[in-house]
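Open the model in your viewer and keep the sequence panel beside it. This tour goes stop by stop, with something to select at each one.

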Amino acid sequence: MADELNAKLTDQLDAAVFNDAGLLPAVIQQWDTHEVLMLGWMNREALRRTLTEGRVTFWSRSRQEFWRKGDTSGHAQYVHSAAFDCDNDTLLVQVDQVGAACHTGTHTCFDGRDLGVTIMERPTE
C-alpha cells in the first residue's frame, strides 16, 4: 500500500510543469466559498509537502526558503484538495483558511485592490 501511495505521489510530482526557475504558481482558494485568497509559488519539495502534510507550503522567492502558511502568524491553510490546470503548470489548492490569508492582515490578498476596467456585456446569440 505504501509503495502504491509513493508511486502515485511520484507520478503527481513528475506531472508538474515548473517554470525555468523550478517554480509553479499556486492559486489558493477557500474551499467552501471559492474565494481566491492568494497566489504563492511552490517548487517540487513544497508541492510534495503540501500534498502529503495537509498544510500549504510555499517557496519564498525573496528569502530562498520554505515557508508554511501560519507557522508564525497562526493564519494556517489546511488543504482540502489540489488540482493542476490543463497544462499542469498552475496549481489550484482549496483550503480551509484560519485567519487572514494576506501578510498585510486582510482576509485575501485581493481585498480593496480593484482596478478600473471596461465592462462589456456578453453578446446575445
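A residue is called exposed when its relative accessible area is over 50%, buried when that area is under 20%, and partly exposed in between. Keep those cut-offs at hand, and remember that this is a predicted model.

**The whole chain**

Start with everything shown as a cartoon. The secondary structure comes to two helices and six strands. Trace the chain along its sequence and you pass through the pattern α-β-β-α-β-β-β-β. The C-alpha trace spans about 50 × 45 × 30 Å along its principal axes.

The accessible surface is about 8,200 Å². Carbon and sulfur atoms hold 52% of that area. Of the 125 residues, 30% count as buried.

**Stop one: Q29**

Select Q29. You are in strand β1, residues 24–30. Is Q29 buried or exposed? It is buried, because its relative accessible area is 11%, below the 20% limit.

Show side chains next. Which side chain makes a polar contact with that of Q29? Look at Q94: the two side chains meet at 2.8 Å. Beyond four places in sequence, Q29 touches H34, E35, V36 and L37, and also L92, V93, Q94 and V95.

**Stop two: S81**

Move to S81, in strand β5, residues 77–84. S81 counts as partly exposed, at 31% relative accessibility. Setting aside neighbours within four places in sequence, S81 is in contact with L92, V93 and Q94.

S81 and T108 are 27 residues apart along the chain. Their C-alpha atoms are separated by 19 Å.

**Stop three: N43**

Select N43. Its place is the loop between β2 (36–42) and α2 (44–53). N43 counts as buried, with 16% relative accessibility.

What does the side chain of N43 reach? Show the backbone of A46: its nitrogen lies 2.9 Å from the N43 side chain. Now colour the contacts of N43 from outside its four-place neighbourhood. They are F18, G22, L23, W59 and F66.

**Stop four: the cysteines**

Select C86 and look at it on the surface. C86 is exposed, because its relative accessible area is 75%, over the 50% limit.

Then go to C102. This cysteine counts as buried, at 5% relative accessibility. Which cysteine sulfur is closest to that of C102? It is the one in C109, 3.5 Å away. That is too far for a bond, because a disulfide here requires sulfur atoms within 2.5 Å. A disulfide is a covalent bond between the sulfur atoms of two cysteines. By this rule, the count of disulfides comes to zero.

**Last stop: a nonpolar patch**

Finish on the surface. Select L115, V117 and I119 together. They make a nonpolar surface patch of about 380 Å².

Zoom in on V117. V117 is found in the segment after β6 (91–97). Is V117 buried or exposed? It is exposed, with a relative accessible area of 61%.

Methods. Residues are numbered from 1 along each chain as its sequence is written. This is a predicted model: local features need pLDDT of at least 70, side-chain atom pairs count only at pLDDT 80 or more; totals for chains, interfaces and linings use all residues. Side-chain values use heavy atoms; hydrogens and water are left out. Patches are made of residues with over 30% relative accessible area and no salt bridge: like charges are joined within 9 Å, nonpolar side chains (Val, Leu, Ile, Met, Phe, Trp, Tyr) within 5 Å. Accessible areas come from the Shrake-Rupley method with a 1.4 Å probe; for residues, only the protein chains shown count as cover. A salt bridge is a side-chain nitrogen of Lys or Arg within 4 Å of a carboxyl oxygen of Asp or Glu. Helices (H or I, at least four residues) and strands (E, at least two) are DSSP runs, numbered from the N terminus. Buried means under 20% relative accessible area, exposed over 50%, partly exposed in between (1.4 Å probe, protein chains only). A polar contact is a pair of N or O atoms within 3.5 Å; within protein, one must be able to donate a hydrogen and the other to accept it, and residues adjacent in sequence count only if both atoms are side-chain atoms. Contact means heavy atoms within 4.5 Å.
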